[in-house]
Amino acid sequence: MPASPSTATSPELLAPAGSPTMLRTAFAYGADAVYAGQPRYSLRVRNNAFGDLDTLATAIGEAHAADKKLYVVSNVLPHNRKVRTYLADMAPVVALQPDALIMADPGLIDMVRETWPEMPVHLSVQANTVNFAAVRFWRKLGISRVILSRELSLDEVAEIRQECPEMELEVFVHGALCIAYSGRCLLSGYFNHRDPNQGSCTNSCRWDYKVKPADAEAAVGMGAGHAGSAAGMANTGSSSGEWLLEEKERPGELMPIEEDEHGTYIMNSKDLRAVEHVRRLVEIGVDSLKIEGRTKSPYYVARSTQVYRRAIDDAVAGRPFDPSLLGELEGLANRGYTDGFYQRHHEHEMQNYLRGHSESGRSLYVGDVIDWNAARALALIDIKNRISVGDRLEIIHPSGNRVITVERMENLGGAEIRVAPGNGHKVWIALPTELPGAMLARFVSSSGQQ
């Protein structure tokens, strides 16, 4: 039975841009807007090309020429030194007419509202907005959009929408999650004096924490407040070879500490993937759905933007959710996926549904199309990961994706080869048509092998 047409309004799809290449990729694959920030005043210092004012000016010009938007991230939580230079440094940025500034610090927001009252300000997720009263407060101060905290459920987002119909609301739907509350973490600053709240986080929560030998009785005797330390104890005192954590308020919920040859990752949050909730967010009336990842690759931006564009379009048209989108996102580098706080309790049927579709259709990024030989209908591929004759490849392109099987492969000298081992190699393969800028992914089984 065909789906009934929807009367929902299409939300903005907002993608990350750490470079001009990422910006162009995001727009090519369906983003309505991108966000980019200068290193000094945003929470992304590394892999950030927009410290140069001319680069930022070009990016804003390209966005507006394409009838798209660019928001400048200025969400640092500054110490006095940065406060004193802020207005002078931001004056040429504001003159470029970005579509909004994304801000978190109340003092800086007040300075901007006084100096440039016409400049729209979006409240950053760093401000930790979790209720409708706070949204109303920020609206009184002239904020035009609030990016809600990641710690909200779908029902809570819906309640805020109902209580604050006049405020634009934005939520994250994909990307890295912090182990701390909406990014307010001190681990990196503690370990190596690089403050996450100044943009220089080293992702200490994702480091390799080795298990060290220790007295079993000491580990058992540690209280709930020292669970992280207990997690680092060796399993010399455990006859089963396994340690379990139990949180004081959740008796009986035993959480295993798992270790492989690389170490144990006790503080490493899974990544957010909420594509299955896009329809509900559209129905709620959220204005913007945001993908995290300014420090990630153009392939990540292409793949995630393309998937969420399809999910939004399907939801607005009243079409049912396409579960194949889960598998397409599985091919991106991730630490396992979660839908975060959006749905607190999943029934087993839903968990099995999501897991099954995530494992099907998985793919691995293997290369980019960098040239085309029209006479021979061959494309030159810059290889990123191993491919072989016989592999099934997905061609990812803004005009639509295609699936092919590699039937023959040539090296740069024209000799037939069977395998391109990985990064640093360039090979020719047959493509059905010229597809400039296409990216290639190899289908893999659920075990990660061909």
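Select K290 and Y35: the charged end of K290 sits over the ring of Y35, 4.4 Å from its centre. A charge is taken to sit over a ring if NZ of Lys or CZ of Arg is within 6 Å of the ring centre and within 35 degrees of the ring normal. The model is predicted, so that local features need pLDDT of at least 70 and side-chain atom pairs count only at pLDDT 80 or more, while totals for chains, interfaces and linings use all residues. Residues are numbered from 1 along each chain as its sequence is written, and side-chain values use heavy atoms, with hydrogens and water left out.

Next, select R150 and F172. The charged end of R150 sits over the ring of F172, 3.8 Å from the ring centre.

R150 is also a reference point for E151. Select E151, in the loop between β6 (145-147) and α6 (154-163); helices (H or I, at least four residues) and strands (E, at least two) are DSSP runs, numbered from the N terminus. E151 is buried yet has no salt bridge, and the nearest side chain of opposite charge, R150, is 6.5 Å away. Buried means under 20% relative accessible area, exposed over 50%, and partly exposed in between (1.4 Å probe, protein chains only). A salt bridge requires a side-chain nitrogen of Lys or Arg within 4 Å of a carboxyl oxygen of Asp or Glu; Lys and Arg count as positive and Asp and Glu as negative, whereas His and the chain ends are not counted.

Now turn to the aromatic rings. A search of the whole structure finds three aromatic pairs; rings of Phe, Tyr and Trp (its six-membered ring) pair if their centres lie within 6.5 Å, with planes under 30 degrees apart counted as stacked, over 60 as edge-to-face and the rest as tilted. Select Y41 and Y86, whose ring centres are 5.1 Å apart with planes at 90°, so this pair is edge-to-face. Y41 lies in the loop between β2 (33-37) and α2 (53-65) and Y86 in helix α3 (residues 80-95), so the pair ties together parts 45 residues apart in sequence. Both Y41 and Y86 are buried.

Then select Y299 and Y365, a stacked pair at 4.1 Å centre to centre, with 10° between the planes. Y299 belongs to helix α11 (residues 298-317) and Y365 to strand β15 (residues 363-373), so parts 66 residues apart in sequence are tied together. Y299 counts as buried at 4% relative accessibility, as does Y365 at 18%.
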